[in-house]
Amino acid sequence: MLFILFMSLFKTPYIQNYEINNDTIILNVYFIEKKCGYINITNEKINALISCGIKSFKGFMLRENININYQNGNMIIINKENNKKILEMKCPMEIYEKIK
C-alpha cells in the first residue's frame, strides 16, 4: 500500500478524452486510470473541477482573460494579465487542436 501511495505522489492528472455537448467541449480528467474531474470549455468561458487525491483545482475563467498553449505534451492555461500559469496538464495534441 505504501508503494502505491508513493507512486501516486509522482503521477499527475491528465486529460484522457473529451465529449462535445452543444457548444461545450468537456475534457475528462483522469488520475491513475480513474476519472477525477472535468474541464468544460465554451467560446466564452472555462469551468473546471478537478479532485485527484492531493491534487485538486476548481476554477472559472473567461476566455478573453486567458491564453491556452501547448508545450511538451501539456495544455497550459495562462492568465493574460500577469502571464502566470493557472493550470498545466498532460493532453493529447488531437484534443488540444479541438479547443485552441
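Me: What share of the contacts in the protein with a separation of 6 or more comes from residues 24 or more positions apart?
Reply: This is a predicted model, where local features need pLDDT of at least 70, side-chain atom pairs count only at pLDDT 80 or more, and totals for chains, interfaces and linings use all residues. Residues are numbered from 1 along each chain as its sequence is written, and side-chain values use heavy atoms, with hydrogens and water left out. Contact means heavy atoms within 4.5 Å. For residues 24 or more positions apart, the share of contacts with a separation of 6 or more is 25%.

Me: In what order do the elements of the protein run from the N terminus on?
Reply: Helices (H or I, at least four residues) and strands (E, at least two) are DSSP runs, numbered from the N terminus. The protein has two helices and eight strands. Their order is α-β-β-β-β-β-β-β-β-α.

Me: Which residues touch the most other members of the largest nonpolar core?
Reply: A nonpolar core is a set of buried Ala, Val, Leu, Ile, Met, Phe, Trp, Tyr and Cys residues joined through side-chain atoms within 4.5 Å. Buried means under 20% relative accessible area, exposed over 50%, partly exposed in between (1.4 Å probe, protein chains only). The largest core holds 24 residues, and those touching the most other members are Ile15, Leu27, Ile39 and Met75.

Me: Which helix supplies at least two residues of this core?
Reply: Several strands each supply at least two residues, including E2 (24–31), E3 (34–41) and E4 (45–52).

Me: Where in the chain are the two cysteines, Cys36 and Cys52, that the pair links?
Reply: A disulfide is a pair of cysteine sulfur atoms within 2.5 Å. By this rule the count is one. Cys36 and Cys52 form it, with sulfur atoms 1.9 Å apart. The pair links distant parts of the chain, 16 residues apart: Cys36 in strand E3 and Cys52 in strand E4.

Me: Is the link of Cys36 and Cys52 right-handed or left-handed?
Reply: A disulfide is a covalent bond between the sulfur atoms of two cysteines. The angle about the S-S bond is 65°. That link of Cys36 and Cys52 is right-handed.

Me: Why does Cys52 count as buried?
Reply: Cys36 is buried, at 15% relative accessibility. Cys52 is buried because its relative accessible area is 1%.

Me: Which backbone nitrogen does the side chain of Asn74 reach?
Reply: Asn74 lies in strand E7. Asn74 is buried, at a relative accessible area of 12%. Leaving aside neighbours within four places in sequence, its contacts include Asn69, Glu88 and Met89. At 3.2 Å, its side chain reaches the backbone nitrogen of Lys90.

Me: Is Asn69 buried or partly exposed?
Reply: Asn69 is found in strand E6. Beyond four places in sequence, its contacts include Asn74 and Tyr96. At 34% relative accessibility, Asn69 is partly exposed.

Me: Which strand gives the most to the lining of the largest pocket?
Reply: On a 1 Å grid over the protein atoms alone, a cavity is a set of points where a 1.4 Å probe fits but cannot get out, and a pocket is an open set with protein on both sides within 12 Å along at least five of seven lines; lining residues have an atom within 4 Å of a point. Among the residues lining the largest pocket are Asn74, Leu87 and Lys90. E5 and E8 each supply at least two lining residues. With four residues, the strand that gives the most is E8.

Technical notes
Polar contact = N/O pair within 3.5 Å; in protein donor to acceptor, adjacent residues only side chain to side chain.
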